[in-house]
There are 2 protein chains.
Amino acid sequence: MFLNAALETTAAEGIEAVTARRLAADIGYSPGTIYQVFENLDDVVAQLKVAILDRLIARLNAVPARGTPEKRLLALIDVYVAFAAEEPRLWHALFEADPPSGAPLPEWFGAHISRGLTLVETVLAPLFKEEDKAGAARAATTIWAGLHGIVSLARSSAVSRASGQETKVLARDFALTYLAGIAARRT
Amino acid sequence: MFLNAALETTAAEGIEAVTARRLAADIGYSPGTIYQVFENLDDVVAQLKVAILDRLIARLNAVPARGTPEKRLLALIDVYVAFAAEEPRLWHALFEADPPSGAPLPEWFGAHISRGLTLVETVLAPLFKEEDKAGAARAATTIWAGLHGIVSLARSSAVSRASGQETKVLARDFALTYLAGIAARRT
DNA sequence: CTCCATAATTAAACATTGTTCAGTTAATTG
DNA sequence: CAATTAACTGAACAATGTTTAATTATGGAG
């Protein structure tokens with residue numbers, strides 16, 4: 001219940017609106033109860049991030065697993081960019097917002113993020129020889145990170161914020177060019 | 001004075017430690033005085049970000065303007081990654097931290113960020129034909145954004161956090177591969 | 001030097017935040 | 001039904017950003 005309320009508030013008003021009293025009031029409880037379910041607000045936010053990541057990964061998993069790796073990667077990118085465009089506050093809460101206290105995220109969170117990475121890695125695998133698993137992993141990391149950077153820059157810069165389409169073009173071009181570079185440098 | 005104190009506190013303890021009372025106490029003033037110099041704490045943080053960006057850009061400007069575009073770009077990247085490694089709290093405050101209130105940054109901040117972009121664009125210019133200024137701009141945007149994403153992911157992921165060297169290799173590889181992709185797709 | 005006007009600075013107050021905990025209510029078990 | 005356990009509350013505390021009346025310092029005119 002707490003997480004559902006936190007998710008709704010975040011989607012509608014941003015993660016900064018998720019306060020202890022607000023969260024409790026939304027489901028008809030008192031603030032103190034939160035601390036019997038969660039360690040503190042950082043814990044709430046950490047689990048909220050996992051819930052948001054689950055949503056994103058569910059969408060990514062929903063793209064059909066057929067076609068060339070390039071086409072599949074572009075489909076993943078479109079889904080990612082669309083998620084950031086449709087749910088900007090969720091994307092921000094997941095990838096950009098700090099825990100309320102400013103403390104680092106718990107260690108177990110890294111394992112969740114890597115689910116996104118391995119998803120990209122799986123799609124990219126056919127492009128790499130079997131003995132070059134490290135290359136596939138590195139490419140997946142770079143594309144995942146680059147995608148994040150492009151969406152992040154697009155959100156903060158007033159330039160391309162007007163046309164949401166621009167981000168999609170930029171992200172697609174980045175991925176295709178990077179893959180072309182891998183092919184070119186290999187030969 | 002306020003900005004200097006804020007910069008020192010941020011470098012040492014992170015931007016979350018920059019509070020109104022702390023800031024005032026550090027220079028021997030009372031909290032209320034801040035509001036005769038700044039509009040509010042968001043304003044302090046915004047100007048602090050500009051100060052940090054000035055530092056980063058000063059370092060980027062210090063790289064020699066000779067050699068091939070590729071070598072010059074790699075030098076820029078090394079400086080960027082080194083800055084993030086040596087001053088992680090400043091990098092975080094500049095690129096990742098939200099304003100205290102969660103409100104968006106003022107419009108004039110975008111103009112400052114674009115200084116970094118044009119710097120990369122200048123280095124990349126010789127690689128593009130004169131009529132393809134848009135291509136150079138897009139490449140600069142992608143590299144700047146990708147660099148941000150790689151450093152951001154490296155910081156949040158426990159995987160490569162241990163060896164700070166990994167980030168540099170990843171960033172260099174990303175840039176070179178992306179440029180190779182541009183060359184390959186053009187022919 | 002004195003007096004006054006202006007500027008600079010303060011200290012206290014207010015609302016809101018996360019968090020704790022003794023006390024109260026609800027549920028469950030023997 | 002009684003007693004134990006669990007769930008929950010509401011008031012309190014410290015710390016936050018921000019405002020403002022009061023105070024102090026500054027500087028110029030006579």
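A charge sits over a ring if NZ of Lys or CZ of Arg is within 6 Å of the ring centre and within 35 degrees of the ring normal. B:Arg186 meets this rule: it lies over the face of B:Phe128, at 5.9 Å from the ring centre. In chain A, the charged end of A:Arg186 sits over the ring of A:Phe128, 5.9 Å from its centre.

This is a predicted model, in which local features need pLDDT of at least 70 and side-chain atom pairs count only at pLDDT 80 or more. Residues are numbered from 1 along each chain as its sequence is written, chains are lettered from A, and side-chain values use heavy atoms.

Now turn to rings that meet rings. Rings of Phe, Tyr and Trp (its six-membered ring) pair if their centres lie within 6.5 Å; planes under 30 degrees apart count as stacked, over 60 as edge-to-face and the rest as tilted. Over all chains, the structure holds 19 aromatic pairs. Take A:Phe174 and B:Phe174. Their ring centres are 6.0 Å apart and their planes stand at 65°, so the pair is edge-to-face. Each residue lies in helix α10 (residues 164–186) of its own chain, so the pair joins two chains. Helices (H or I, at least four residues) are DSSP runs, numbered from the N terminus.

A:Phe174 is at 0%, so it counts as buried. B:Phe174, at 0%, is buried as well.

Another pair is B:Tyr80 with B:Trp144. The centres are 5.7 Å apart and the planes at 75°, so this pair is edge-to-face. It links distant parts of the chain, 64 residues apart: B:Tyr80 in helix α5 and B:Trp144 in helix α8.

How values were computed. Buried means under 20% relative accessible area, exposed over 50%, partly exposed in between (1.4 Å probe, protein chains only).
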